[in-house]
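Me: I would like to learn how to read salt bridges and helix packing in a model. Please take me through a few cases.

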Amino acid sequence: FTVVMQPQMRDMKPFIFEDGIWDMTYFSPDCFHPSRKMHFSMAYGLWNTMLTPVQDKVFDYPEEEELEFFCPSEERPYIFTNLNSGDSKKAAEEEKKLILIEESQDSPASDLQDFKSKMQRAQAKYLSLPADARAHYEQLLQMENRDDELEIPDWTCDPPEVDGSSPANAHQVRPQDVQVVASFGDSITAGNGVGADTLPGVAIENRGDVWTVGGNGSIETHVTIPNILRQFNPSVTGWSWSRSSLVGERNDTHCAQQWNCAQLNVAEPGATCRNMLSQAEEMTLRMQTDEKINFAEDWKLISLFIGGNDLCAVCRRWERYNPEQHVADIKSALDYLYEHVPNAIVQVITMFDISPLIDMKSGDAGRDLICNTMHNQFCDCAKNVTTNAQLRDIQMEYWERLDALINEQGTY
């Protein structure tokens, strides 16, 4: 068992054209959740980070023209961990002073934890806008194609040699040794907004296209970690697929957390750090009761990505989502997996900076009106000038404390 920090999104910046306009094809219609294109881009970056030694991992994504899948080699065949990376000590980061944010009364506390309530309020706000503004926005969405603009790199890795060997420990696991994938987190990992072409469509959970655990399609059509791992081990299991949707004309999207198509994707929309322990417990139970899984012997790749809702609520619920509590809650989930799940690599993926949302510019005044309305519903801590100024420091302290727990202290 081991835990690895995957920091490739820590300093990730929005995709912005030279004229300062954001590339909105990376966002779903609520201007907040990632689109399918963004999920595929994140999966590509995560895979390459998995094959990068700990001390060499980067904190941002490469430009699109640099896209190339990394391949295991004879000299470096493993998924990198702290113990197989050589010197895992990172360069010292400049110490950042955390500034406490006062609690705000801008919205009811209950709405912060209730994703359905946020969606309902966002929809109500949207419907309250002038009809011509809504019609203009919906026309823009229909004109855009957010799914086909990401150029997927050619897969050039050689098939692995079948030698019959098995890893002696978590630091000898090769991609072909991974037999189970699993993931936990919030609405991003639940697939909300992936493939959506309307605002109501954002409420649909399209788990089959999720970057860490989706199994729709193949590497040629859907860049996800399971589809990449299938190139090494076609029998890998645990990945989610998508079922028919009752919304609009989409026919390959919906998969709620409690349905069998979710498999080992136990993420819940609206989840925060406080929900990670219960999700770890649910994930473990599903593994133990899945007849396709040899719980004691199969090697498992588990992905944890959380923090967006924490940052969006920290300006009014400091006691729940401050960096110390955020990491303590994640540690509780990791400790549970350490005690109950054998043969596992858990990768903790660093949350990106949400503070740039305040500067989002689409190049269309009507769309910007909609986006501002959505941001105020989903993440008003990022839209408030006073609280926004503190979010980067808090996000960095999330990372620093997790880095200390996982890399410096060697807890796992």
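Me: Is R286 buried or exposed?

Reply: This is a predicted model, and the answer is computed from its atoms. R286 has a relative accessible area of 15%. The cut-off for buried is under 20%, so R286 is buried.

Me: Which residue forms a salt bridge with R286?

Reply: The partner is E282, with the closest N and O atoms 2.7 Å apart. E282 is partly exposed, at 28% relative accessibility. Both residues belong to helix α7 (residues 276–289), and because they are four residues apart, about one helical turn separates them.

Me: Where do R401 and E397 lie?

Reply: They are in helix α13 (residues 385–408), four residues apart, which is about one turn of the helix. R401 is partly exposed at 35% relative accessible area, whereas E397 is buried at 12% relative accessibility.

Me: What is the N to O distance in the salt bridge of D60 and K13?

Reply: That distance is 3.8 Å, and the cut-off is within 4 Å. The pair links distant parts of the chain, 47 residues apart. D60 sits in the loop between α1 (36–50) and α2 (109–113), and K13 in the loop between β1 (2–6) and α1. As for accessibility, D60 is partly exposed with a relative accessible area of 27%, while K13 is exposed with 55%.

Me: How many salt bridges are found in the whole structure?

Reply: The search finds 13. Salt bridges can also join into a network, as they do in linking R10, D11 and R392.

Me: Now for helix packing. What describes two packed helices?

Reply: The description uses the angle between their axes and the distance between the axes. Take helix α4 (residues 131–143) and helix α11 (residues 365–378): their axes come within 9 Å and cross at roughly 100°. Angles of 65 to 115 degrees count as roughly perpendicular, so α4 and α11 are roughly perpendicular to each other.

Me: Which residues make the contact between α4 and α11?

Reply: From α4, the contact uses A133, H136, Y137, L140 and L141. From α11, G366, R367, L369 and I370 take part.

Me: How many residues of each class are in the contact of α4 with α11?

Reply: There are six nonpolar residues, two polar and one charged. To read such a packing, take the angle and the distance between the axes, then look at the residues in contact and their classes.

Note on methods: Residues numbered from 1 in each chain as written. Predicted model: local features only at pLDDT ≥ 70, side-chain atom pairs only at ≥ 80, totals over all residues. Heavy atoms only, no water. Salt bridge = Lys/Arg side-chain N within 4 Å of Asp/Glu carboxyl O. Helix = DSSP H or I, 4+ residues; strand = E, 2+ residues; numbered from the N terminus. Buried < 20%, exposed > 50% of the residue type's maximum accessible area, 1.4 Å probe, protein only. Axes fitted to C-alpha atoms, helices over the stretch in contact; angles between N-to-C directions. Parallel < 35°, antiparallel > 145°, perpendicular 65-115°, else oblique. Contact = heavy atoms within 4.5 Å. Nonpolar A, V, L, I, M, F, W, Y, C, P; charged D, E, K, R; others polar.
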